[in-house]
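Colleague: I'd like to know how you pick the words you use for this one. Can you show me?

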Amino acid sequence: MERRQFTKLALLGGGLAPFLSGCQAPAKLQASNAEQTTASAHLSKAEAESVSRKAHESLMGLREDFKMMGEEHIAMLLYPGFAALDLVGPQYLFASMMGAKIYLISPTDDLKPVTSGEGLTIVPTHTPSECPEALDILFVPGGANGTLEAMKNAKLIDFIVRRAATSNYVTSVCTGSLLLGKAGLLKGKKATSHWAMLELLPEFGAIPVKQRVVWDGKLITGGGVTAGIDFGLQIVAALRGKTYAQTIQLQAEYDPAPPYDSGSPEKADPFVRDNLKGILAPLVESLRLAI
């Protein structure tokens with residue numbers, strides 16, 4: 001695709017387009033920050049499009065590893081009770097890749113809305129039969145009781161098995177790795193999951209790794225919930241280059257500064273950790289029985 005087509009698509013919106021507007025800016029924008037803010041507020045539509053076009057062209061010409069446009073096919077599986085942030089974090093990052101096609105796959109043969117464990121409802125875009133055979137990424141989110149029920153759903157597990165065979169990358173976040181395990185995709189593989197579920201991975205023949213993101217061949221697994229953002233950025237970098245991933249990270253203003261240093265069992269207050277582990281114990285054992 002020619003460069004003018006890249007920039008035309010960028011200006012129409014999607015991906016990085018709505019956010020990139022500063023590289024090689026015209027002289028009127030190259031004064032102080034305050035002047036830039038004031039000037040940008042008074043740009044005509046044509047001037048704003050010119051700034052955006054130059055920014056896209058600057059990025060495309062910056063480094064060899066920067067790929068602005070692609071044609072990735074990414075299937076993201078839904079099921080009742082999935083964890084919303086497991087899905088939404090990576091989906092935001094994948095959707096920022098210009099030209100990528102995302103398929104939100106229904107767990108049934110219709111497009112009825114699917115409700116997450118937290119009550120957020122997502123409308124699928126495709127049924128399982130409408131999902132492409134060849135995928136760049138097959139993605140499975142995790143959940144709690146939703147994952148437990150999904151592990152018992154033979155039709156859903158069969159879909160994972162069949163699409164995994166024709167996908168360049170087979171991926172999950174949080175307890176989504178347990179669904180990959182149920183599909184027989186973790187045998188002999190390094191993988192991760194939510195910290196409280198790591199002990200279940202050997203039941204599937206996997207080698208558990210306590211890490212935010214774990215790569216083993218075409219298998220990519222992310223840790224619990226928020227690890228999906230780190231997971232997504234690593235995949236974007238693999239597909240589009242490090243600079244593209246860095247640009248999306250800045251677009252998303254992903255600059256974590258948590259109010260408490262309690263995001264892992266190693267860092268959390270032992271009282272908090274042990275009680276949460278106790279709360280999750282029935283779920284862990286129910287998942288173990290479902291294996």
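Modeller: Let's start with Thr171, which sits in strand S6 (residues 167-173). Strands are DSSP E runs of at least two residues, helices are H or I runs of at least four, and both are numbered from the N terminus. This is a predicted model, where local features need pLDDT of at least 70 and side-chain atom pairs need 80 or more, while totals for chains, interfaces and linings use all residues. Residues are numbered from 1 along each chain as its sequence is written, and side-chain values use heavy atoms, leaving out hydrogens and water.

Colleague: Why is Thr171 called buried?

Modeller: Buried means under 20% relative accessible area, exposed means over 50%, and partly exposed is in between (1.4 Å probe, protein chains only). Thr171 has 0%, so it is buried.

Colleague: And what does Thr171 touch?

Modeller: Skip residues up to four places away in sequence, and Thr171 touches Ile137, Leu138, Phe139, Val140, Leu180, Ile220, Phe231 and Ile235. Contact here means heavy atoms within 4.5 Å.

Colleague: Okay, how do you know whether Val225 is buried, exposed or partly exposed?

Modeller: Val225 comes out at 28%, so it's partly exposed. You'll find it in the loop between strand S10 (219-222) and H8. Cys174, in the loop between S6 and helix H7 (176-182), is at 5%, so that one is buried.

Colleague: What makes the phi of Cys174 worth a mention?

Modeller: Most residues other than glycine have a negative phi. Cys174 isn't glycine, yet its phi is positive, near 60°. Val225 isn't a glycine either, and its phi is positive too, about 45°.

Colleague: On to helices: why are H4 and H8 called roughly parallel?

Modeller: Angles under 35 degrees count as roughly parallel, over 145 as roughly antiparallel, 65 to 115 as roughly perpendicular and the rest as oblique. The axes of H4 (residues 84-95) and H8 (residues 227-240) cross at roughly 25° and come within 8 Å. That angle makes H4 and H8 roughly parallel. The axes are lines fitted to C-alpha atoms over the stretch in contact, with angles from 0 to 180 degrees between N-to-C directions.

Colleague: What makes Phe94 stand out in the largest nonpolar core?

Modeller: That core has 69 residues, and Phe94 and Ile160 touch the most other members. Such a core is a set of buried Ala, Val, Leu, Ile, Met, Phe, Trp, Tyr and Cys residues joined through side-chain atoms within 4.5 Å. Beyond four places in sequence, the contacts of Phe94 include Ile74, Met76 and Phe231.

Colleague: Last one: how do you know whether Leu156 is buried or exposed?

Modeller: Leu156, in helix H6 (residues 154-164), has 5% relative accessibility, so it counts as buried. Its C-alpha is 8.6 Å from that of Tyr79, 77 residues apart along the chain.
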